[in-house]
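Have the viewer open and follow along.

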Number of protein chains: 2
Amino acid sequence: MMLTVFGSTALDTIRTPTKVLKDVLGGAATFAGISASFFVNTGLIAVIGKDFPKKYHKILASRLNLDGLSVKNGKTFRYDGKYDETLSTRTTLRTELNVLENFHPVVPEQYKKSQFVYLANNDPDQNVALIKEFDRVKFSMCDTIEFWISTKKASVVKMFKQVDAVVINDEEAKLLTKESNLIKCAKKIMDWGTEYVIIKKGQHGSILFFEDVIFPSVGLPIENVVDPTGAGDSFAGAMIGYLTSKKKTDLATIKKSTIYGNVMGSFAVQGYGLEGLLRINKMDIKKRIALYEKITRF
Amino acid sequence: MMLTVFGSTALDTIRTPTKVLKDVLGGAATFAGISASFFVNTGLIAVIGKDFPKKYHKILASRLNLDGLSVKNGKTFRYDGKYDETLSTRTTLRTELNVLENFHPVVPEQYKKSQFVYLANNDPDQNVALIKEFDRVKFSMCDTIEFWISTKKASVVKMFKQVDAVVINDEEAKLLTKESNLIKCAKKIMDWGTEYVIIKKGQHGSILFFEDVIFPSVGLPIENVVDPTGAGDSFAGAMIGYLTSKKKTDLATIKKSTIYGNVMGSFAVQGYGLEGLLRINKMDIKKRIALYEKITRF
């Protein structure tokens with residue numbers, strides 16, 4: 001296994017202005033892993049409960065190596081959130097950790113050789129413990145969310161020291177660093193010991209930071225946005241998947257990986273839940289990358 | 001005169017977290033005109049009161065043709081606004097129209113041959129009346145603001161029919177069209193009869209729309225942002241100034257003009273009030289365009 005993705009697999013209830021989805025397959029690692037799977041064989045480390053629907057297991061199995069998927073007594077992690085009319089703000093209505101609460105992730109032997117590892121927005125202490133179990137990591141990347149920034153900031157900072165790249169959305173970067181300027185946010189995060197910082201800005205694209213290099217990239221404008229759930233995770237999964245497929249981590253390749261991130265995010269928002277990713281193929285991605293290159297040229 | 005800019009000249013009070021500026025030179029046409037003046041000789045149509053400081057008149061005179069500047073009995077238009085800590089939200093504390101209230105703009109004879117005309121965020125009825133006084137307009141562009149959208153929406157729509165391009169910020173585009181998706185916003189505006197729509201997104205850059213072409217461009221990331229006042233006007237002024245200097249209005253040139261818009265906006269935010277524009281020269285612009293091209297390449 002060249003790439004391992006560790007994170008949550010969930011049953012999501014997503015309330016959008018146009019549709020309500022109940023208990024659909026979701027979770028940061030699900031989106032990131034499936035997004036990465038278009039580029040490379042991807043191993044998943046996650047946990048589900050006995051209630052996890054067979055059809056969802058089938059979807060995961062068709063896309064990912066599941067040797068790292070634990071099935072525990074109890075219910076699968078559940079998330080319930082509601083978008084506003086403009087799809088720009090999501091309010092969490094309910095979170096049930098369930099089997100995620102006391103999950104102790106184990107890295108399968110055949111994953112330990114992964115040179116690329118993506119740690120989704122898990123407990124930062126758990127991420128730090130997990131990354132140490134890999135023998136020959138060439139490039140590791142993590143994300144984090146408001147919950148950990150608010151409850152375990154020191155651990156988040158410690159986690160950043162342990163990885164090569166931090167991918168984080170703009171609001172969370174501001175919250176974490178107490179800066180409002182994104183360059184200042186990124187500098188602070190780099191000062192904490194990570195080499196690459198990628199700030200995700202949703203529809204506005206992303207900015208990659210490395211030493212004194214700044215690489216801003218636009219988001220691909222999309223008209224039929226129906227559900228932004230998982231777009232950021234799809235972005236991260238595409239980045240790490242692309243890098244793994246290239247077996248390279250030079251700056252030019254990392255820049256390019258953020259373009260793949262924007263493109264996979266653009267697919268994600270066009271479908272409800274995972275639909276946007278599940279209905280495409282490699283050719284669709286290739287075409288959209290070409291479109292991205294074409295429309296941004298001047 | 002190849003380019004005429006019509007709009008407000010103001011005495012601004014700007015309250016930023018780091019500095020309060022009292023009665024400094026500002027106004028949409030001031031920023032747009034001075035920004036355009038780096039590219040081409042620019043004629044200003046505006047009004048000031050008898051209280052307008054000589055030193056500000058000198059600044060305008062050193063950059064712009066002032067045959068169209070009326071001096072009226074009374075006080076100059078005044079604006080007072082306060083930014084929040086993050087510089088992302090500005091609250092208007094006070095607006096005094098003063099001489100702007102009953103201003104009847106007159107187009108000087110030698111401006112009537114202008115092939116390029118920029119109508120800043122003036123009363124839309126006034127903009128419509130004014131554009132008709134030009135004999136051979138090749139390309140006209142207008143902006144608008146929340147005040148006119150809220151009080152004279154029909155006139156705003158009518159104005160859009162009369163111009164070749166509408167430049168508008170994202171929040172105002174959403175307010176006007178009652179759409180939250182920027183592509184949908186732009187389509188609605190184009191349906192009203194304008195050919196080009198440029199949606200400004202502040203630090204996130206802009207998106208240009210023309211027929212089925214979409215051209216998104218990033219904002220240049222800037223670390224030392226001190227005052228965003230006039231950045232959007234500087235963007236528009238740079239666009240029209242660049243187009244006038246090229247005497248071209250094909251799509252490729254208009255695309256390029258939005259890059260100049262982003263770059264001039266990036267200078268504007270680095271100084272208080274007009275400082276950011278007044279301290280640069282053509283070489284600084286050239287260098288920053290080269291920087292923009294370099295950092296966005298992938």
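Q: Which elements of chain B do the buried residues of α6(B) pack against?
A: This is a predicted model, where local features need pLDDT of at least 70, side-chain atom pairs count only at pLDDT 80 or more, and totals for chains, interfaces and linings use all residues. Residues are numbered from 1 along each chain as its sequence is written, while chains are lettered from A and ligands numbered from 1 in the order in which they are written. Helices (H or I, at least four residues) and strands (E, at least two) are DSSP runs, numbered from the N terminus, and two residues are in contact if their C-beta atoms, placed from the backbone, lie within 7 Å. The buried residues of α6(B) pack against α4 (146-151), α5 (153-162), β10 (165-169), α7 (182-191) and β11 (196-200) of chain B.

Q: Which residues of helix α6 of chain B are buried, and why are they on the same side?
A: A residue is buried if 20 or more other C-beta atoms lie within 10 Å of its own, exposed if 12 or fewer, and partly exposed in between, with C-beta atoms placed from the backbone. In α6 (residues 170-177) of chain B, the buried ones are B:Glu172, B:Ala173, B:Leu176 and B:Thr177. They sit on the same side of α6(B) because they cover an arc of only 115 degrees around the axis, the arc being that of the directions from the helix axis to the C-beta atoms.

Q: Is A:Lys178 buried or exposed?
A: A:Lys178 lies in the loop between α6 (170-177) and α7 of chain A. Its phi is positive, about 55 degrees, although A:Lys178 is not a glycine. With 9 other C-beta atoms within 10 Å, A:Lys178 is exposed.

Q: What phi does A:Glu211 have?
A: A:Glu211 belongs to the loop between β12 (206-210) and β13 of chain A. A:Glu211 counts as exposed, with 9 C-beta neighbours inside 10 Å. Although A:Glu211 is not a glycine, its phi is positive, at about 50 degrees.

Q: Which strands stand at the edges of the open sheet of four strands in chain A?
A: Two strands pair if DSSP finds at least two bridges between them. The order is β3-β2-β6-β7 (chain A), with mixed pairing. Each edge strand has a single partner strand, so one side of each is left without a neighbour in the sheet: these are β3 (20-26) and β7 (90-96) of chain A.

Q: In β3(A), what is the bridge partner of A:Asp12?
A: Strand β2 (residues 10-15) of chain A and β3(A) run antiparallel, joined by five bridges. In β3(A), A:Asp12 has as its bridge partner A:Val24.

Q: Which element gives the most to the side of chain A that touches chain B?
A: The contact takes 26 residues from chain A and 24 residues from chain B. On the side of chain A, α7 (182-191), β13 (213-217), α9 (251-268) and α11 (282-296) each supply at least two residues. The one that gives the most, with four residues, is β13(A).
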